[in-house]
Amino acid sequence: MGLCFSRRATVRKKQSRRLTNQSSSSAGNGGSNRWSRIRSTKKEEPIIHERALAAAILLQQELQNSGAAAAAPFDRSTSLRYPNGGSAKRNQTLPRSSSSRARSLTDPLLHPQQLLNQDVKLEGLETNHFVLVHGGGFGAWCWYKSIALLEEAGFKVTAIDLTGSGVHSFDTNCITSLSQYVKPLCDFLEKLADGEKVILVAHDFGGACLSYSMELYPSKVSKAVFIAAAMLTSGQSTLDMFSQKTDSNDLMRQAQIFLYANGNGHPPTAIDLDKSLLRDLLFNQSPSKDVALASVSMRPIPFLPVLEKLCLSDAKYGTVRRFYIETPDDNAIPISVQESMVSKSPPEKVFRLKGADHSPFFSKPQALHKLLVEISKIP
């Protein structure tokens, strides 16, 4: 989440050139049996969300009840290694793309094939494996719509629960470093076979986790996609980045609840969010069923990792191709903050997802899916 404090960070500014491109999609007539019963009509929309919500909650309960590593689709290991930097260089131009779809409050799911060009050959891509990293307070559960769409389109998808998040059984108040928080993601990348690459996708505070892992495993990351995420420069912490705005985010301040597991005389150990303000802060364009799912699934955000400054090098982090997806209707990380991050550390390309709140995997799932597929196809 975006945190509102009064500290400032000094960041070296890079100039960027912004161009405007229009994204387009081709409609297909095919569809899997799984999606053949779904229609994007207002009459059937409540049924769609009820089924999706029930399936997501059932999956979460099954994972919690099983307690077995085999039940969760996340690889785990206990070692890290530090390979040399990757090979590809970043494109310094900064073309901008924007979803051309009309704004929709619910953005109902369509057949995944309708969002893909029919002549796309997934086997011709550098990688067809997406790894989804949630934001602060969220968990792998928040990606359930994106997982369904990507898998139906033929992609391989892995959603990660970071330490103390989702169904990961660890006390958030006991997380003392960013490396501890990011460990499940690093463990997954560590276990990838030599030469195997993935597309990393991160939301919110997950962007800092993405950058941390890119510095450690640049050769295993084909592309990195930041969705309304903290895209830091070297020497910055997430707190530094969000403190750059002079005017405070009053809604964020009101929603924050600091937890002091070590006593009020010590620094906070975690940050919780006022459930009554979740809709306005994170889900102002999202369906009510998804807001309900989030309200019973979100967990506190570890405090110390938010304070930790990243050490990012051009030889490692700088070799990974980066893309940014902006969310203009975002009340948690305002578009001005997102644009500031893009300006200070220009990615290869910037997309703007029209009508998206801070949680586009809920508010604009099909448009987000289209952009992820488009990014995967960029040579």
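Predicted model: local features only at pLDDT ≥ 70, side-chain atom pairs only at ≥ 80, totals over all residues.

Me: Which residues of α12 are buried?

Reply: A residue counts as buried when its relative accessible area is under 20%. Twelve of the 13 residues of α12 are buried, so the helix is largely enclosed by the rest of the structure. The buried ones are Pro365, Gln366, Ala367, Leu368, His369, Lys370, Leu371, Leu372, Val373, Glu374, Ile375 and Ser376.

Me: How many Å apart are the end C-alpha atoms of α12?

Reply: Let's start with what to expect: helix α12 covers residues 365-377, and at 1.5 Å a residue its 13 residues should span 18 Å. The model agrees with that, as the end C-alpha atoms are apart by 19 Å.

Me: At what angle do the axes of α3 and α4 cross?

Reply: Two packed helices are described by the angle between their axes and the distance between the axes. Here, the axes of α3 (residues 178-191) and α4 (residues 206-216) come within 10 Å. The two helices are oblique to each other, and their crossing is right-handed. The angle is roughly 55°.

Me: Which residues of α4 meet α3?

Reply: From the α3 side, the residues involved are Leu178, Ser179, Tyr181, Val182, Leu185, Cys186 and Leu189. Their partners in α4 are Ala208, Cys209, Tyr212, Ser213 and Leu216.

Me: What is the relative accessible area of Asp204?

Reply: Asp204 sits in the loop between β5 and α4. Its phi is near 60°, a positive value in a residue other than glycine. Asp204 is buried, and its relative accessible area is 0%.

Conventions. Residues numbered from 1 in each chain as written. Heavy atoms only, no water. Helix = DSSP H or I, 4+ residues; strand = E, 2+ residues; numbered from the N terminus. Expected span 1.5 Å × (residues − 1). Buried < 20%, exposed > 50% of the residue type's maximum accessible area, 1.4 Å probe, protein only. Axes fitted to C-alpha atoms, helices over the stretch in contact; angles between N-to-C directions. Parallel < 35°, antiparallel > 145°, perpendicular 65-115°, else oblique. Left-handed = near helix turned anticlockwise from the far one by under 90°. Contact = heavy atoms within 4.5 Å.
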